[in-house]
Amino acid sequence: MKQLRIGVLVGLFAVAGVVSWAGARLWDTFGSLPSVPVAAPIVLALIAVVLAATALSLRARLRAQREREPDAKGVDPMVAARAVVFGQASALVAALIAGMYGGVGVFLAMEQLDVPARRDQAFYAGGSVLAGAGVVAAAFFLERVLKLPEDDDNDGNGPSAAARA
């Protein structure tokens, strides 16, 4: 499984932002722009909290297992793999959603901040971008917690030497 790359997430965010900004401009010329839901930043923040709580729980279990504490519960490799996949998928979707609401928020900030309802929509869009960044940060933290240690084979004959060749 490959690690998350910040460049991919920033690229998704930027492309989604530009497309949604252009779409918001186009949609506004033909009619009324749909509103940004109040639940968008709340749902993204909840996902970030779940990811962070999972990372903290697994980190504590791995530390207890590593220190050979009595009654330490180990971490099932499938649970760890599922957690990493959930984190990576959440980060990718959050980058897209944050980009989408970021583009709409930029459109609203440039055009319609004098209308109180649109100001609230821009606030919700900004909150969605911040919550999306929280999801990405929590996913990176989860991935770091569950990263396998590097093979420190000094003679050059181990599995890491074969991977470098």
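UniProt annotations may be inferred rather than shown by experiment, and here their positions follow the numbering used for this chain. I kept that in mind while going through this model, which is a predicted one.

**Entry 1: the record.** I looked up "transmembrane region" and found that UniProt, in an unreviewed entry, lists residues 38-58, 79-102 and 122-142. I then checked two of these spans in the model. Residues 38-58 came out as 95% helix and 0% strand, with the end C-alpha atoms 32 Å apart. For residues 79-102 I got 100% helix and 0% strand, and there the end C-alpha atoms lie 33 Å apart.

**Entry 2: helix α2.** Next I picked out α2, which runs over residues 39-66 and has 28 residues. From first C-alpha to last it reaches 40 Å, close to the 40 Å expected at 1.5 Å a residue. Just past the end of α2 I spotted arginine 68, with a positive phi of about 55°.

**Entry 3: the buried side.** Which residues of α2 are buried? I noted down Ala40, Pro41, Leu44, Ala48, Leu51, Ala55, Leu58 and Ala64. What do they pack against? I traced them to α3 (77-111) and α4 (116-145).

**Entry 4: leucine 46.** This leucine also sits in helix α2. Is leucine 46 buried or exposed? Its relative accessible area is 53%, and exposed means over 50%, so leucine 46 counts as exposed. I also found Leu46 in a nonpolar surface patch, which it makes with Val38 and Ile42. I wrote down about 280 Å² for that patch.

Terms used: Residues are numbered from 1 along each chain as its sequence is written. This is a predicted model: local features need pLDDT of at least 70, side-chain atom pairs count only at pLDDT 80 or more; totals for chains, interfaces and linings use all residues. Side-chain values use heavy atoms; hydrogens and water are left out. Helices (H or I, at least four residues) and strands (E, at least two) are DSSP runs, numbered from the N terminus. The expected span of a helix is 1.5 Å times one less than its number of residues. Buried means under 20% relative accessible area, exposed over 50%, partly exposed in between (1.4 Å probe, protein chains only). Contact means heavy atoms within 4.5 Å. Patches are made of residues with over 30% relative accessible area and no salt bridge: like charges are joined within 9 Å, nonpolar side chains (Val, Leu, Ile, Met, Phe, Trp, Tyr) within 5 Å. Accessible areas come from the Shrake-Rupley method with a 1.4 Å probe; for residues, only the protein chains shown count as cover. A salt bridge is a side-chain nitrogen of Lys or Arg within 4 Å of a carboxyl oxygen of Asp or Glu.
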